[in-house]
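I opened my notebook to record what I looked up in this structure, entry by entry. I kept to what can be read from the atoms.

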Amino acid sequence: MSKYAVIDIGSNTVRLVTYLAKPSGRYQELHNVKIVARLRDDLTDDFELTEAGIQKLRRIVSHFKTILDDHQMSDPICVGTAAIRQATNREEIRRAVETETGFTMRILSEEEEAYYGYLAVHHSTQVSEAVTIDIGGGSTELTYFSDKKLRHSISLPFGALSLKRQFPEEGKSTLKSLNAYLEDAFQSVPWLPKGLPVIAIGGSARNLAQIHQANENYSLGGMHQFEIAPYTISEILIELAKMDVDERRNLDGLSSDRADIIVPAIASFAKLCSVVDAPAWIVSRKGLREGLLYEAIHGVGVRTESVLEESLQELEADFGVNVDETKEIVRLAKELARLFESSGEFTLTEEEWKLLERAGRLFLLGQYIDPDSPSQHTFYVLANRTIDGLFHEERVKLALVASFHSKSRLEDWSEPFKDWFDKNERKALSYIGSLLKFAKALNLTNRHIVDRIEINNADKDHISLSFYCNQPSLSEEYQANKHVKHVEKMLKKQLDLSFYD
């Protein structure tokens with residue numbers, strides 16, 4: 001498998017990230033090393049990067065080279081963004097990096113920087129239309145995409161560091177002036193739409209998500225596609241603006257190296273949400289570096305494969321799922337669901353049908369970790385692993401159904417998320433889970449012996465089900481009668497099972 005490295009020379013930080021490309025076309029992050037350089041502060045008023053700034057950068061990239069050499073990796077993707085792009089001596093900086101390391105540094109244009117952020121969002125979310133914002137140290141990139149196609153982009157000449165330099169004082173009056181500046185800047189962008197979500201990229205976005213998760217004692221792992229209501233961002237902004245830098249450094253979720261610049265960054269998020277009347281703010285953990293990586297792996301252009309489908313295939317491969325077995329579980333569960341729906345027992349929505357298939361493909365995935373506790377492992381993995389293409393609420397639903405053991409256990413595990421799902425939603429999750437567990441019992445020996453299922457009789461208290469099998473079914477009959485109770489609880493009827501070989 002191929003390894004890739006990206007060196008991102010930003011205005012605030014310089015970062016090295018290494019990746020392992022998987023046969024599926026997706027990738028695994030191996031190392032993520034960040035050094036706070038604040039190169040934007042080394043630009044003079046005439047936008048020349050000082051000799052001290054150049055020497056600082058030389059030391060950092062030289063250090064990164066030793067890391068890559070140790071891991072026998074060469075030819076990284078090395079890019080410079082706003083601070084380098086804005087520097088009048090950019091060619092001198094480029095030569096210094098090449099002389100020190102042999103790396104070819106590509107200085108990204110404003111359009112390229114915005115494009116790679118969009119590309120990362122395109123390949124890691126199912127969102128079809130949104131505005132993106134990537135606020136760095138010296139510039140802010142905005143894009144608008146619809147039908148997952150990039151429509152507009154712009155790079156605005158301010159970032160968290162330059163805003164902090166422009167509005168150095170703390171307090172209400174400074175925050176008011178900062179908000180007025182941001183209002184004018186965003187209102188000047190003619191193509192910004194109304195009523196769409198804002199997807200935020202970059203370290204400041206991740207820090208905002210971490211602060212909110214810490215405040216809420218959030219019980220899920222991961223930040224990718226984590227949503228925050230815009231009014232909550234404004235509340236966090238007001239609280240942070242009241243603190244001094246030392247107080248912010250002790251704040252859970254906030255990196256200490258961003259304590260002095262987080263206020264202008266969050267103010268930018270809040271103001272953009274206000275200008276576009278965004279219904280939600282969504283953090284994308286994937287940004288510029290991942291956009292560059294996608295291009296390196298797949299070539300120029302935008303792939304059209306389903307983000308979620310690729311994620312599901314990756315999970316199947318990573319945990320050695322027997323795809324032949326889970327296809328049969330899904331087939332049987334769907335047939336049962338259709339039969340019960342036709343007899344007026346339980347109707348699934350379009351989204352619930354999709355959930356049945358997704359959860360069936362990963363049903364009791366945790367058995368490949370430990371067959372003695374498959375349900376617990378399945379829930380933990382799916383609830384805490386980033387799954388590109390799923391929002392956090394959707395990920396919890398998938399985890400609850402794919403790990404189904406019993407209605408009572410599902411209720412216990414859904415307790416931390418009780419405000420996310422109403423009674424009917426929880427009932428549907430238990431019902432789908434019970435169908436999958438019953439379907440797994442019907443395919444106990446993975447011989448695909450059940451050809452068809454029929455309802456022979458149904459009244460207010462009973463349903464008679466007949467299973468027509470192509471091989472002896474004694475083991476499946478025993479297991480099905482053992483687990484049918486879960487479906488009976490959901491339908492509130494007794495199921496009478498008959499097997500015919």
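**Entry 1: a negative patch**

Asp and Glu count as negative and Lys and Arg as positive, while His and the chain ends are not counted, and each charge is placed at NZ of Lys, CZ of Arg, CG of Asp or CD of Glu. I then looked up E92, which is found in helix α3, residues 90-101; helices (H or I, at least four residues) and strands (E, at least two) are DSSP runs, numbered from the N terminus. E92 counts as partly exposed because its relative accessibility is 35%, where buried means under 20% relative accessible area, exposed over 50%, and partly exposed in between, with a 1.4 Å probe and protein chains only.

Before going on, I wrote down that this is a predicted model, in which local features need pLDDT of at least 70 and side-chain atom pairs count only at pLDDT 80 or more, whereas totals for chains, interfaces and linings use all residues. I also wrote that residues are numbered from 1 along each chain as its sequence is written, and that side-chain values use heavy atoms, with hydrogens and water left out.

**Entry 2: a positive patch**

I next found a positive surface patch, formed by K407, K423, K427, K482, K485, K489 and K492. The elements that give two or more residues to this patch are α18 (423-442) and α19 (474-491), and α19 gives the most, with three residues. I checked K482, which lies in helix α19, and saw that K482 is partly exposed, with a relative accessible area of 45%.

**Entry 3: the protein as a whole**

I counted 19 helices and 14 strands in the protein, and its C-alpha atoms fill a box of roughly 85 × 50 × 40 Å along the principal axes. Of the 501 residues, 55% count as buried. The protein exposes about 21400 Å², of which carbon and sulfur atoms supply 46%; such areas come from the Shrake-Rupley method with a 1.4 Å probe, and for residues only the protein chains shown count as cover. I also noted that the mean positions of the 60 positive and 76 negative charges are 1 Å apart.

**Entry 4: salt bridges**

How many salt bridges does a search of the whole structure find? It finds 38, a salt bridge being a side-chain nitrogen of Lys or Arg within 4 Å of a carboxyl oxygen of Asp or Glu.

D41 lies in the loop between β3 and α1 and R165 in helix α5 (residues 160-166), so the pair ties together parts that are 124 residues apart in sequence.

K56 forms a salt bridge with D42, with the closest N and O atoms 2.7 Å apart. This pair links K56 in helix α1 with D42 in the loop between β3 and α1, 14 residues apart. K56 is partly exposed at 22% relative accessible area, whereas D42 counts as buried at 15%.

The side chains of R426 and E411 also meet in a salt bridge, at 3.6 Å, N to O. R426 is in helix α18 and E411 in helix α17, 15 residues apart.

**Entry 5: a covered helix**

Finally I turned to helix α16 (residues 392-402), which is mostly covered, since eight of its 11 residues are buried. Among the buried residues of α16 are H392, R395 and V396, and the elements against which its buried residues pack include α7 (203-215), β10 and α18.

In α7 I looked up L208, which counts as buried at 0% relative accessibility. Not counting residues up to four places away in sequence, L208 touches I228, I233, I236, I266, F269 and W281, where contact means heavy atoms within 4.5 Å.

Key. Patches are made of residues with over 30% relative accessible area and no salt bridge: like charges are joined within 9 Å, nonpolar side chains (Val, Leu, Ile, Met, Phe, Trp, Tyr) within 5 Å.
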